[in-house]
Amino acid sequence: MNGYFKRELVDYLESHRDPRNSVMHVIGIPLLFLGAVFPFSAWTIHIFGFETIAATIAVVPIMICWLVLDIGLGIGILVAVALLIAVATMIANHSSTTGMWSITCVLIVVGLAAQAVGHHLFEGRRPALLDHPPHMLFGPMFLMAKLFIALGLRHDLAAIIQAAPQPTQRAASFYPGERPGEAHPHS
């Protein structure tokens with residue numbers, strides 16, 4: 001396991017302790033990924049004598065990043081990405097341009113809403129990626145880590161996730177500058 005990934009995973013855990021927030025991420029992250037790749041799934045390109053879709057090429061840099069951070073999780077994400085791209089391609093091949101963009105918008109809005117609900121209602125704090133944008137990379141890795149742990153495959157990750165200190169529920173405010181327990185002035 002990459003040392004940087006281990007540190008970032010512990011940091012990521014600070015904003016993702018509530019199990020209901022994790023469920024919202026299980027919904028939101030795949031929807032956001034689908035929304036991001038969906039428009040590229042209908043675009044066929046030829047590269048090095050092979051025909052592929054632009055979505056496949058678009059995910060290569062992030063896949064390399066995930067594989068470098070943790071090869072096992074990266075391979076798990078690669079399988080999930082392949083399935084999601086296959087679903088996106090199948091839907092894109094049967095959609096009009098208007099339909100494709102409508103679906104893209106719905107996927108992104110619902111994905112972001114799931115994330116917002118998870119952080120605001122269940123975690124009681126603003127999403128960590130607002131303060132630390134690289135956390136966007138760790139959402140899929142965190143989900144895959146939880147899956148691997150549930151399957152009994154990664155005891156090293158289980159030790160990190162279970163050993164991280166449990167913050168008290170609603171210890172931090174969702175709104176900047178507000179102290180815990182204070183009412184938001186615009187409510």
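This is a predicted model: local features need pLDDT of at least 70, side-chain atom pairs count only at pLDDT 80 or more; totals for chains, interfaces and linings use all residues.

User: What makes a space a pocket, and what is the volume of the second largest pocket?

Analyst: Rolling a probe the size of a water molecule over the atoms shows where empty space is left. On a 1 Å grid over the protein atoms alone, points where a 1.4 Å probe fits but cannot get out form a cavity, whereas a pocket is an open set with protein on both sides within 12 Å along at least five of seven lines. A residue counts as lining if it has an atom within 4 Å of a point. Volume is the space filled by probe spheres set on the points, which are joined across faces, edges and corners. For the second largest pocket this comes to about 290 Å³. Its lining has 16 residues, and Ile-29, Pro-30, Pro-140, Leu-143 and Met-144 are the closest to its centre.

User: How many residues line the largest pocket, and what classes are they?

Analyst: The largest pocket, with a volume of about 650 Å³, is lined by 27 residues. Nearest its centre lie Ile-29, Leu-32, Leu-129, Met-136 and Pro-140. Sorted by class, the lining holds 21 nonpolar and 6 polar residues, and no charged ones. H2 supplies the largest share of this lining, 6 residues. H2 also gives the largest share of the lining of the second largest pocket, again 6 residues.

User: How do you know what counts as a helix or a strand, and how many of each are there?

Analyst: Both are DSSP runs numbered from the N terminus: helices are H or I runs of at least four residues, strands are E runs of at least two. Counted like this, the chain has 7 helices and 2 strands. Along the sequence they follow the pattern α-α-β-β-α-α-α-α-α.

User: Why is Thr-104 called buried?

Analyst: Buried means under 20% relative accessible area, exposed means over 50%, and partly exposed is in between (1.4 Å probe, protein chains only). Thr-104 has 4% relative accessibility, so it counts as buried. Thr-104 is found in helix H5. With contact meaning heavy atoms within 4.5 Å, Thr-104 touches Gly-35, Phe-38 and Pro-39, residues up to four places away in sequence not being counted. In the chain of 187 residues, 40% are buried.

User: Is Gln-162 buried or exposed, and why?

Analyst: Gln-162 is at 64% relative accessibility, and therefore counts as exposed. Gln-162 lies in helix H7. In sequence, Gln-162 and Leu-13 are 149 residues apart, but in space they are 9.8 Å apart, C-alpha to C-alpha.

User: Why is Tyr-4 called partly exposed?

Analyst: The relative accessible area of Tyr-4 is 35%, so the label is partly exposed. Tyr-4 has its place in helix H1. Beyond its neighbours within four places in sequence, Tyr-4 is in contact with Leu-69, Pro-134 and Phe-138. Tyr-4 and Leu-69 are 65 residues apart in sequence and 7.6 Å apart in space, C-alpha to C-alpha.

User: Where does Phe-48 lie, and what is its phi?

Analyst: Phe-48 is in the loop between strand S1 (44–47) and strand S2 (50–53). Its phi is near 55°, a positive value in a residue other than glycine. Phe-48 has a relative accessible area of 76%, so it is exposed.

User: What makes a set of residues a nonpolar core, and which residues touch the most other members of the largest one?

Analyst: A nonpolar core is a set of buried Ala, Val, Leu, Ile, Met, Phe, Trp, Tyr and Cys residues joined through side-chain atoms within 4.5 Å. The largest has 34 residues, and Phe-5, Leu-73, Val-81, Ile-85 and Met-141 touch the most other members. H6 gives the most to this core, with 7 residues. Apart from neighbours within four places in sequence, Ile-85 is in contact with Phe-33, Val-37, Ser-41, Ile-53, Ala-55, Thr-56 and Val-59.

Methods: Residues are numbered from 1 along each chain as its sequence is written. Side-chain values use heavy atoms; hydrogens and water are left out. Ala, Val, Leu, Ile, Met, Phe, Trp, Tyr, Cys and Pro count as nonpolar, Asp, Glu, Lys and Arg as charged, and the others, Gly among them, as polar.
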